Amino acid sequence: MADTSRLPAPVAETWEWQRHGNCRNLDSSVFFHPDGERGFARADRVARAKQICMSCPVIVECRHHALTAEEPFGVWGGLDETERRAMITRRKQLLSSAEKEQECVSVTP
């Protein structure tokens, strides 16, 4: 039997928000594109997914998860892959700039 004593304890409350999402029990193909989907079909599916997200009671939690975990695929918290990638890149740039600024401040006599 495997030793599970070193594994983290379950943290159901961390994921509880997922039970309240508008996407719960919907077909995942609304939020994740099938192979080869492009153009109008993809834009239409993404728009439908975002419409579902806009009235979701846990959109903030979902978006936070997607940005923190850097989810690479699908619509999460009303954001598609391109929007999330842009936000993640911008956040990393801002953090890098802040770190460089902090280095300059700590080096200055």
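Which helices each supply at least two residues of the lining of the largest pocket? Helix H2 and helix H3 (59–69) do, and the views below show where they sit in this predicted model.

**View 1. The whole chain is built from helices and has no strands.** Of the 109 residues, 25% are buried (under 20% relative accessible area, 1.4 Å probe, protein chains only). Residues 24 or more positions apart make up 41% of the contacts with a separation of 6 or more, a contact being heavy atoms within 4.5 Å.

**View 2. Arg45 is a buried residue of helix H2.** Helix H2 spans residues 39–54, and Arg45 counts as buried because its relative accessibility is 3%. Beyond its neighbours within four places in sequence, Arg45 touches Ser29, Val30, Phe31, Phe32, His33, Pro34 and Glu37.

**View 3. The largest pocket has a volume of about 330 Å³.** Among its 20 lining residues, Cys23, Arg24, Phe31, Cys62 and Trp76 are the closest to the centre. The lining divides into 13 nonpolar, five polar and two charged residues; Ala, Val, Leu, Ile, Met, Phe, Trp, Tyr, Cys and Pro count as nonpolar, Asp, Glu, Lys and Arg as charged, and the others, Gly among them, as polar. A pocket is an open set of points on a 1 Å grid over the protein atoms alone where a 1.4 Å probe fits, with protein on both sides within 12 Å along at least five of seven lines, and lining residues have an atom within 4 Å of a point. Points are joined across faces, edges and corners, and the volume is the space filled by probe spheres set on them.

**Notes.** Residues are numbered from 1 along each chain as its sequence is written, and side-chain values use heavy atoms, without hydrogens or water. Local features need pLDDT of at least 70 and side-chain atom pairs count only at pLDDT 80 or more, while totals for chains, interfaces and linings use all residues.

Note on methods
Helix = DSSP H or I, 4+ residues; strand = E, 2+ residues; numbered from the N terminus. Buried < 20%, exposed > 50% of the residue type's maximum accessible area, 1.4 Å probe, protein only.
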